[in-house]
Amino acid sequence: MAFRDLREFIGALEKRGELVRVRVPVDPELEITEIVDRISKAPVSQNKAILFESVKGSNMPVLINAFGSASRMALALNVADLEQLSQNLAKTIDLKPPQGMGSAISFGREIVDVLRSIGLGPKIVKSAPVQEVVITDQPSLSNLPILKCWPLDGGKYITLPQVITRDPVTNIRNVGLYRLQVRDAQALRMHWHRHKGGAEHQRVAQEARKSHLPCAIAIGGDPATMWSASAPLPPHLDEYRLAGYLRGKPVEFVKCVTQPMEAPANAEIVIEGYVDPNEEEMEGPFGDHTGFYTPADRFPVFHVTAITHRKDAIYPTTVVGRPPMEDYWMGKATERLFLPLLRLFLSEVVDYNMPVEGVFHNLVIVSIKKRFPGHPQKVMFGIWGLGLMMLTKAIVVVDAGVNVHDLHEVAWRVLGNVDWKRDVIVVEGAVDPLDHSAIRDSLGGKIGIDATAKGPQDGHPRGWPPEIEMVPAIKALVDQRWEEYGFQPVMPHTP
Ligand SMILES: Cc1cc2nc3c(=O)[nH]c(=O)nc-3n(C[C@H](O)[C@H](O)[C@H](O)COP(=O)(O)O)c2cc1C
Ligand SMILES: [Mn+2]
């Protein structure tokens, strides 16, 4: 059952014992961060969503860490566990490995059609909870409980928005989750990276000589809709259709009051406004999800023309920092959901993992069915050519049977299987703007490591040794006699 809005989700979290209400007053400046940082890193039994009911300087409660565990993220996206996201989507698109390039392309079209037809949206409604209160005269951001997350941050940031824009030429909608720095009561700085949908709309608006790029910033809504803003769909695909697919029901929209835009009707808050595509200012610094501060850089300014909200609006937000924090689970959902899509283009892929230590762009471990010389390298270049996966700094390729989610196994395979002269490629290309190690902003070195077993076809004539394994008959015998030897009934776990 799809959630209608954020409060229905909060209700479900509370029923499952996944929500803690904090009633004493707390400071949105640093104090909430320190609390949620501890809770995100606590054992699963203590890692809860938190509703701060009394936040200094605002009368809105603050919801945080609502997506911050595997089970809460699964609940948000309407599945029993995150693995089900892959299975459902694979079933939806009836995934069969494409045979050759022609069918891969038609298969690609099919999936675009599936995504296009899903949601049958946008469904426009006349009256919306998010417009219970409409402020067009001197709308002010200062009524919102916006956090200052970390000590060296350049100010206060809205951290969990859905930033909605339309391509000024094609009118196709994009939704992105980009942080927004408060400049003053009526302006924000828009931190969309150059590789993202919103930034492309800004460039299209510049080329078309538009002075305004209309924009709606939705805060809250049903959880699948909120999360969909973080999904890296290919350009020209509306993320709200993906939300419709996940919910099994289209997202409902209402017309904005001051911009030629629509926003989710069941959001908590909508900030309407526009970006002047030629106006940029310094944004940042900001304590980022890499665990480091991102330095200040130039980004566009967003001017507020209206704020609408529910009468008793709740303000959802998040804090990013040294992982694991809430965004790790939002990204894990993407990783699981996108596995069938990755396999659509790289059918040899069995599974992949973006471990928490790699903060997504720093490491992808991928297992493949290797068939020909150079196959691991083909997969590396394939990944470096796929959407935002282009930003991957390190790719490790292992054989089909390796559990990519077991980092001990992966380390053992890599360290044993790799000849560091033969099996490594280093290339230069686009890297994440958050990569502080890159020599230039957004351009740097990337590594591909082939940790598959090597045979004669890989230029390894010496032969590859067999892996050590006991024969099944002896295993069965020892199982049977275990207690007879005088050991405890539970078998010791072999790592
Ligand atoms: C909590 C969180 C914060 C994020 N902040 C930013 C950000 O400030 N700027 C940015 O470009 N991407 C940010 N992202 C990543 C984007 O949301 C993601 O790349 C998404 O695919 C962007 O949508 P787009 O592909 O339609 O541009 C963030 C993701 C999460 C989960
Ligand atoms: Mn997009």
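Predicted model: local features only at pLDDT ≥ 70, side-chain atom pairs only at ≥ 80, totals over all residues.
Ligand 1 is surrounded by 18 residues, of which Asn174, Leu177, Tyr178, His191 and Gly197 are the closest. When this shell is sorted by class, eight of the residues are nonpolar, seven are polar and three are charged. Strand E8, which covers residues 173-176, supplies the largest share of the shell, with three residues.

Several polar approaches to ligand 1 can be followed in the structure, each of them involving an oxygen atom of the ligand. In one, an oxygen atom of ligand 1 is 2.7 Å from a polar backbone atom of Gly197, a residue that is also listed among the closest to the ligand. The side chain of Lys196 contributes an N or O atom that is 2.9 Å from an oxygen atom of ligand 1, and a polar backbone atom of Pro232 is 3.4 Å from an oxygen atom of the ligand. Taken alone, ligand 1 exposes 630 Å², and the protein buries 85% of that area.

The manganese ion, which is ligand 2, is coordinated by OD1 of Asn174 and by OE of Glu239, at 2.0 to 2.1 Å. These two residues bring together distant parts of the chain, since Asn174 belongs to strand E8 whereas Glu239 belongs to helix H8 (residues 239-247), and they are 65 residues apart. Both Asn174 and Glu239 are buried.

Methods: Residues numbered from 1 in each chain as written. Chains lettered and ligands numbered in written order. Heavy atoms only, no water. Near = heavy atom within 4 Å. Polar contact = N/O pair within 3.5 Å; in protein donor to acceptor, adjacent residues only side chain to side chain. Areas by Shrake-Rupley, 256 points an atom, 1.4 Å probe, with all protein chains shown as cover. Helix = DSSP H or I, 4+ residues; strand = E, 2+ residues; numbered from the N terminus. Nonpolar A, V, L, I, M, F, W, Y, C, P; charged D, E, K, R; others polar. Donors = N, O, S within 2.8 Å, 3.2 Å for Na, K, Ca; no water. Buried < 20%, exposed > 50% of the residue type's maximum accessible area, 1.4 Å probe, protein only.
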